[in-house]
Amino acid sequence: MSSSWTDYQNKLFEDALAIYDKDTPDRWQNIARAVGFGKSAEDVKRHYDEMEKDLHHIESTGRRQGSNRSSSAGSSSNGNSWGTRDDQRTRYQLQ
């Protein structure tokens with residue numbers, strides 16, 4: 001299992017989400033292949049679920065999990081670093 005995600009891998013992941021939408025057959029396998037670096041379909045699905053959970057938390061509280069700051073750039077409790085612009089892009093991709 002490969003649970004650590006670099007900024008570059010997150011960028012590849014976000015780009016792949018834009019290409020392979022929820023109606024794409026074998027979506028998670030395609031995204032894992034696009035990300036590379038040994039990420040499995042299970043890794044990318046878990047990463048998506050964590051990102052979705054973080055986004056819902058941000059939308060409901062205005063804060064990242066594990067942060068005392070409002071939704072400014074920083075790190076969430078799972079090590080992801082998403083700025084405000086990335087939050088907006090991610091929100092679009094999760095819809």
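Q: Leaving aside its neighbours within four places in sequence, which residues is F13 in contact with?

A: Contact means heavy atoms within 4.5 Å. On that basis F13 touches W5, I31, V35, V44, H47, Y48 and M51. This is a predicted model: local features need pLDDT of at least 70, side-chain atom pairs count only at pLDDT 80 or more, and totals for chains, interfaces and linings use all residues. Residues are numbered from 1 along each chain as its sequence is written, and side-chain values use heavy atoms, leaving out hydrogens and water.

Q: Where is F13 found?

A: Helices are DSSP runs (H or I, at least four residues), numbered from the N terminus. F13 is in helix α1.

Q: Is F13 buried or exposed?

A: Buried means under 20% relative accessible area, with a 1.4 Å probe and protein chains only. F13 has 0% relative accessibility, so F13 counts as buried.

Q: What separates the C-alpha atoms of F13 and V35?

A: They lie 22 residues apart along the chain, yet their C-alpha atoms are separated by 5.7 Å.

Q: Which residues of helix α2 are buried?

A: In an α-helix there are 3.6 residues a turn, so residues three or four places apart point the same way. Helix α2 covers residues 27–35, and R27, W28, N30, I31, A32 and V35 are buried there. They pack against α1 (7–19) and α3 (41–61). Just after α2, G36 takes a positive phi of about 70°.

Q: Which residues touch the most other members of the largest nonpolar core?

A: A nonpolar core is a set of buried Ala, Val, Leu, Ile, Met, Phe, Trp, Tyr and Cys residues, joined through side-chain atoms within 4.5 Å. Of its 13 residues, these are F13, L17, W28, I31, V35, V44 and Y48. Helices α1, α2 and α3 each supply at least two residues of this core.

Conventions. Buried < 20%, exposed > 50% of the residue type's maximum accessible area, 1.4 Å probe, protein only.
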